[in-house]
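Please walk through this model with the coordinates open.

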Amino acid sequence: PVNRRSPNCPVTAAQIRESGLHYLALGHIHKAGAVRVGETLCAWPGCAMGRGFDETGEKGVLLGIVDKGRADLRFVPFAGRRYEQIEVDVTDGDIFEVVSAALAGQKENIVRVILRGETEEAPDLRRLQQQLEKMK
């Protein structure tokens, strides 16, 4: 029998508990995670590299040793470039300076910047884009 309520996880928790497995490698979920079901460690590495802003943060693989009675795994970052989303409060500052500071250390990444706050005048986004392009 399979878990028909889930299109991505046809295995039931009862099947995992009864399997006698020490480790069960799972996939499809794009965010790394792990859970213990009975004596079985179930883990998934996520995706090796983000492909959009719905897959932000560090991505990688699981590396480790699986042996009788144990599964020692560790996450190893893989992708050099990440998708990130940063919120920047522009209420009390020069928009270029505030955004530039928030982008420090993000040179290799693909970043979505969300501007928050209130300003006396609408920000000149074209000018901001031109200034940021000069930083490349």
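This is a predicted model: local features need pLDDT of at least 70, side-chain atom pairs count only at pLDDT 80 or more; totals for chains, interfaces and linings use all residues.

C47 counts as buried because its relative accessibility is 10%. Buried means under 20% relative accessible area, exposed means over 50%, and partly exposed lies in between, with a 1.4 Å probe and protein chains only. C42 also counts as buried, at 1% relative accessibility.

Residues are numbered from 1 along each chain as its sequence is written, and side-chain values use heavy atoms, with hydrogens and water left out.

Now the open sheet. Three strands form it, in the order β1-β3-β2, with mixed pairing. The edge strands, β1 (23-25) and β2 (33-37), each pair on one side only. Neighbouring strands of this sheet are turned by 20° against each other on average, direction ignored. Axes are lines fitted to C-alpha atoms, for helices over the stretch in contact, and angles run from 0 to 180 degrees between N-to-C directions. β2 and β3 (residues 40-44) run antiparallel and are joined by five bridges. In this pair, G33 stands opposite W44 of β3. Two strands pair if DSSP finds at least two bridges between them. Helices (H or I, at least four residues) and strands (E, at least two) are DSSP runs, numbered from the N terminus. Strands of a sheet pair through backbone hydrogen bonds, either parallel or antiparallel.

A parallel pair comes next. Seven bridges link β6 (residues 83-89) and β7 (residues 110-116) in the parallel sense. I86 has V113 in β7 as its bridge partner. From β6 the chain crosses through helix α2 (residues 95-103) to β7, in a right-handed β-α-β crossover. Right-handed means that, with the strands pointing away from the viewer, the path from the first strand over the helix to the second runs clockwise.

Turn to A13. This residue lies in helix α1 (residues 13-19). A13 counts as partly exposed because its relative accessibility is 38%. A13 and Q106 are 93 residues apart in sequence, and 40 Å apart in space, C-alpha to C-alpha.

Last, confidence. The protein chain has a mean pLDDT of 86, and 93% of its residues reach 70 or more. pLDDT is the predictor's confidence in each residue, from 0 to 100.
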